[in-house]
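Have the model open in your viewer and get ready to select a few residues by number.

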Amino acid sequence: MDWLDTLQVRILQGEKADYFRESWSLRDGREDFARLYAIVDGTGFVRHHGREFHLEAGRLFLIPPRSGVALGTPSRVRIWWVHASAQLGG
């Protein structure tokens, strides 16, 4: 059996939103869901495992669950985002 045959993905929530410096920040995020961010406009950052990744328009980012991630924006960022969980059956 192929592992994709048993993959179960659950979309928890999603939205398209504009975030500003004060309204979009997280330190040490260890939630049980993955984050999928499509950057539409503006810039932001994700800090993960000692590295900083720049969020730029036109790019897609997958952030694993329970990763201790920090994120934010220096000014403004527009994101289409989804929080999801996944597991393999069997």
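Start by selecting His48 and showing what surrounds it: beyond its neighbours within four places in sequence, His48 is in contact with Phe53, Pro64 and Ser67. You will find His48 in strand β3, which covers residues 34-48. With a relative accessible area of 18%, His48 is buried, because the cut-off for buried is under 20%. Keep in mind along the way that this is a predicted model.

Now step along to His49. This residue sits in the loop between β3 and β4 (51-56). Is His49 buried or exposed? His49 is exposed, with a relative accessible area of 66%. Its backbone deserves a look too: phi of His49 is near 55°, a positive value in a residue other than glycine. For context, most residues other than glycine have a negative phi.

**Zooming out**

Show the whole chain as a cartoon. The secondary structure comes to seven strands and zero helices, so from the N terminus the order reads β-β-β-β-β-β-β. A box of roughly 45 × 25 × 20 Å, taken along the principal axes, holds the C-alpha atoms. Of the 90 residues in the chain, 32% are buried. Among contacts between residues at least 6 apart in sequence, 78% join residues at least 24 apart.

**Into the core**

Next, select Tyr19, Trp24, Tyr37, Ile39 and Ile79. These are the residues with the most contacts inside the largest nonpolar core, which has 14 residues. Strands β1, β3, β5, β6 and β7 each supply at least two residues of this core.

Stay with Tyr37 for a moment and display its surroundings. Leaving out residues up to four places away in sequence, Tyr37 touches a list of residues that includes Trp24, Leu60, Phe61, Ile79 and Trp80.

From Tyr37, draw a distance to Val82: the two C-alpha atoms are 6.7 Å apart in space, while the residues are 45 apart in sequence. Val82 lies in strand β7 and is partly exposed, with a relative accessible area of 26%. Among the residues that Val82 touches are Ile11, Gln13, Ala34 and Leu36.

**A buried threonine**

Select Thr73, in the loop between β6 and β7 (76-88). Its relative accessible area is 5%, so Thr73 is buried. Which backbone atoms does its side chain reach? A polar atom of the Thr73 side chain lies 2.6 Å from the backbone oxygen of Thr43, and the side chain also reaches the backbone nitrogen of Ser75 at 3.3 Å. Beyond residues up to four places away in sequence, Thr73 touches Tyr19, Phe20, Arg21, Trp24, Thr43, Gly44 and Phe45.

**Charged pairs**

Side chains of opposite charge can pair when their charged atoms come close. How many salt bridges are there here? The count comes to six. Select Arg78 and Asp18 to see a salt bridge at 2.8 Å, N to O. Arg78 belongs to strand β7 and Asp18 to strand β1, so this pair ties together parts that are 60 residues apart in sequence.

Move on to Arg76 and Asp41, whose closest N and O atoms are 2.3 Å apart in a salt bridge. Here strand β7 provides Arg76 and strand β3 provides Asp41, so the pair ties together parts 35 residues apart in sequence. Select Asp18, Asp41, Arg76 and Arg78 together: salt bridges that share partners join these residues into one network.

For another pair, go to Asp32 and Arg66, which form a salt bridge with the closest N and O atoms 3.2 Å apart. Asp32 is in the loop between β2 (25-29) and β3, and Arg66 is in the loop between β5 and β6, 34 residues away. Both Asp32 and Arg66 are exposed. Arg66 also has a positive phi, near 55°.

**Last stop: the surface**

Switch to a surface view and colour Trp3, Leu4, Leu7, Val9, Ile11 and Leu88. Together they form a nonpolar patch with about 610 Å² of accessible area. The largest share of this patch, three residues, comes from strand β1 (residues 7-20). Trp3 lies in the segment before β1 and counts as exposed at 51% relative accessibility. The chain as a whole exposes about 6,200 Å², of which carbon and sulfur atoms supply 52%.

Definitions and conventions: Residues numbered from 1 in each chain as written. Predicted model: local features only at pLDDT ≥ 70, side-chain atom pairs only at ≥ 80, totals over all residues. Heavy atoms only, no water. Helix = DSSP H or I, 4+ residues; strand = E, 2+ residues; numbered from the N terminus. Buried < 20%, exposed > 50% of the residue type's maximum accessible area, 1.4 Å probe, protein only. Contact = heavy atoms within 4.5 Å. Patch = residues over 30% accessible without salt bridge, like charges linked within 9 Å, V, L, I, M, F, W, Y side chains within 5 Å. Areas by Shrake-Rupley, 256 points an atom, 1.4 Å probe, with all protein chains shown as cover. Salt bridge = Lys/Arg side-chain N within 4 Å of Asp/Glu carboxyl O. Polar contact = N/O pair within 3.5 Å; in protein donor to acceptor, adjacent residues only side chain to side chain. Core = buried A, V, L, I, M, F, W, Y, C linked by side-chain atoms within 4.5 Å.
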